[in-house]
Amino acid sequence: MTDKKIIKLLKTNPEKGLSNAIDLYGGIVKWVCSKILGTSCTQDLEECISDVFFKLWKNIDKFDLTCNVALSSYICGIARHTAIDYRRKQHPNIELIPLEENDLGIDLDFADELALKINSSILQEAIDSLQEPDRSIFILRYYFCYKVKEIALTLDITAKSVENKLYRGKDTLKKSLIERGIIL
Amino acid sequence: MKKIDDMMQNYKLVDFNVSKIKPMSNEGGIKSMSGEEKNAILQQTLKKVNQDGKAYTPRKKRFILLTAALITIFALAVFSFASTNLNMNFLNFFNPKSNTETNMLNSLGTIIDKKVTQNGITIHVKEALGDRNSIYVLFDIISDDNTILSDKYYTFAEELVSIQSKSSFVHGIGYFFEQLEDDNTSDNKISMVLCLSSSEKLIGKNMTLRFTDFSTYNTFTDNGHNTNSSSDIYNLVASGSWEITFPIDYQDNTLVYRVNKKVIYEDAPLKIKTVRISPVSLSMTLSNLTLSRVNMSNVAITIYMKNGEAIDSTRSSGIHSNGFRIVFDTQFNEVIDPKEIDYIEFSGEKIQI
């Protein structure tokens with residue numbers, strides 16, 4: 001089933017659309033949510049996953065097929081921020097990623113509407129211009145909240161190498177963002 | 001914003017194939033959701049959708065029909081029996097148990113007889129039967145090149161139904177299709193029924209059916225889950241688009257009762273404003289007396305007949321809500337004579353009819 005068909009079904013026949021969406025993307029959503037939330041509380045995890053598909057249905061009118069983003073990516077984005085919200089409610093005082101590792105050293109403006117548009121575009125370009133496997137490592141760490149050891153196992157490299165690449169990747173990204181005119 | 005994980009909220013994940021990531025040894029991997037798990041997630045999600053009130057979704061479920069206190073009979077239509085002789089297979093869809101019940105169904109029906117043909121497939125909309133808020137439409141799908149249609153489950157890749165008056169579309173509709181049992185599996189024809197309900201009055205409006213790509217289901221298993229989630233779920237029988245519009249024009253034999261009774265449903269105060277009953281369905285309009293959302297996904301209604309029979313089995317049910325106004329409807333699995341209803345029970349409250 002194509003993304004286009006799922007989107008149409010979600011708009012016209014939510015039950016059928018959601019059933020197909022869960023069939024196709026349930027596994028990915030579960031994976032994203034469980035990376036962020038953990039798997040110890042099945043009830044919270046299921047609640048979070050169903051929230052993801054509810055938000056997908058609720059916001060499907062906003063999804064633009066012509067902007068060249070796959071539905072799976074859109075769903076991953078919803079899954080990520082939904083799971084992060086859940087986690088912050090569960091553990092308000094525990095950072096998902098340690099602060100020293102999570103600080104880019106520059107303060108990007110995403111509050112103003114114009115700055116949000118420009119900075120989102122620059123951030124996209126800057127991350128996508130990172131060399132592989134640095135880009136994948138960066139995404140696994142900061143998008144999917146993988147632990148360093150998990151990234152090492154996933155990509156068959158040492159944990160030390162992951163740490164080095166993350167350190168260098170952060171530095172490269174910071175320079176790249178400034179070069180591209182990021183609004184601070 | 002200084003934190004990288006916060007910034008990543010504005011990053012769109014493109015050209016990143018998550019399915020290629022190897023699962024950790026202590027996790028099930030990406031495609032680890034079982035059929036049971038998928039079903040549980042679907043049910044939870046549909047509850048949230050039904051609570052939201054953005055759209056109306058039919059939910060096939062059993063429910064218990066209840067009692068209520070009737071305050072005023074708002075309007076009372078008189079049945080006109082046997083004005084139309086509907087197709088027997090169509091009538092049997094409603095499980096009539098006597099000639100009286102068959103006559104009752106015929107009194108709700110109308111002949112449509114409209115066809116559209118494309119790429120060797122004809123859609124013949126034959127008859128409709130309904131009441132104020134629900135309609136059932138019988139249509140045949142005929143292969144003009146005499147291809148035998150013998151599969152148990154046919155469908156279209158896209159099935160869209162809209163209802164429009166002269167000036168606007170009706171919002172808040174829910175529908176599904178059922179294929180009738182084929183009495184001749186070696187011919188070129190199958191019959192299907194569209195089951196639709198709405199929070200608005202249907203009679204006097206036009207219905208448009210739009211279908212794309214006549215197909216069979218591909219890899220569905222008994223529990224309704226696709227065995228291969230990455231493959232298409234349809235096998236194309238004939239490509240094309242079919243569109244047909246016809247008027248919804250049958251006699252409205254719905255009995256409407258103004259109730260105006262306050263009830264408590266799951267700690268939420270509601271007021272049942274009106275109850276509408278026909279031989280094939282019941283719908284009720286309620287006011288939400290709180291500012292909070294009311295989850296009516298588990299609503300239970302039982303109809304008690306004057307002969308003591310309690311009817312707790314329905315074909316489907318649905319809820320439409322805009323926050324303050326809630327319309328709940330349910331379609332019966334059997335024919336019910338509204339005049340023989342003693343009372344309805346809703347959330348433990350008896351509504352006398």
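In chain A, the axes of helix H2 (residues 14-37) and helix H3 come within 9 Å and cross at roughly 130°. This is a predicted model, where local features need pLDDT of at least 70, side-chain atom pairs count only at pLDDT 80 or more, and totals for chains, interfaces and linings use all residues. Residues are numbered from 1 along each chain as its sequence is written, chains are lettered from A and ligands numbered from 1 in the order in which they are written, and side-chain values use heavy atoms, with hydrogens and water left out.

Helices (H or I, at least four residues) and strands (E, at least two) are DSSP runs, numbered from the N terminus. Axes are lines fitted to C-alpha atoms, for helices over the stretch in contact, and angles run from 0 to 180 degrees between N-to-C directions. Angles under 35 degrees count as roughly parallel, over 145 as roughly antiparallel, 65 to 115 as roughly perpendicular and the rest as oblique. H2(A) and H3(A) are therefore oblique to each other.

On the H2(A) side, the contact (heavy atoms within 4.5 Å) includes A:Leu18, A:Ile22, A:Tyr25 and A:Val29, while A:Cys48, A:Val52, A:Phe53 and A:Trp57 are among the residues from H3(A). Sorted by class, this contact has 15 nonpolar, two polar and two charged residues. Here Ala, Val, Leu, Ile, Met, Phe, Trp, Tyr, Cys and Pro count as nonpolar, Asp, Glu, Lys and Arg as charged, and the others, Gly among them, as polar.

H3(A), residues 42-58, also packs against H4(A), residues 71-90, at an angle of about 135° with the axes 9 Å apart. That pair is therefore oblique too, and the crossing of H3(A) and H4(A) is right-handed. H3(A) brings A:Asp44, A:Glu47 and A:Lys55, among others, to meet residues of H4(A) including A:Tyr74, A:Ile78 and A:Tyr86. The tally for this contact is ten nonpolar, three polar and four charged residues.

On a 1 Å grid over the protein atoms alone, a pocket is an open set of points where a 1.4 Å probe fits, with protein on both sides within 12 Å along at least five of seven lines, and lining residues have an atom within 4 Å of a point. Of the 25 lining residues, A:Tyr74, B:Gln9, B:Asn10, B:Tyr11 and B:Lys12 lie nearest the centre. H4 and H6 (113-128) of chain A each supply at least two lining residues, and the largest share, six residues, comes from H4(A). The lining splits into ten nonpolar, nine polar and six charged residues.

Further along chain A, a cis peptide bond with omega of about 5° joins A:Glu132 and A:Pro133. A:Pro133 sits in the loop between H6 and H7 of chain A. The axes of H7(A), residues 134-142, and H8(A), residues 148-155, come within 10 Å and cross at roughly 140°. That makes H7(A) oblique to H8(A), and this crossing is right-handed. A:Ile137, A:Leu140 and A:Arg141 of H7(A) meet A:Val148, A:Ile151 and A:Leu155 of H8(A), giving five nonpolar residues, no polar ones and one charged.

Technical notes:
Left-handed = near helix turned anticlockwise from the far one by under 90°.
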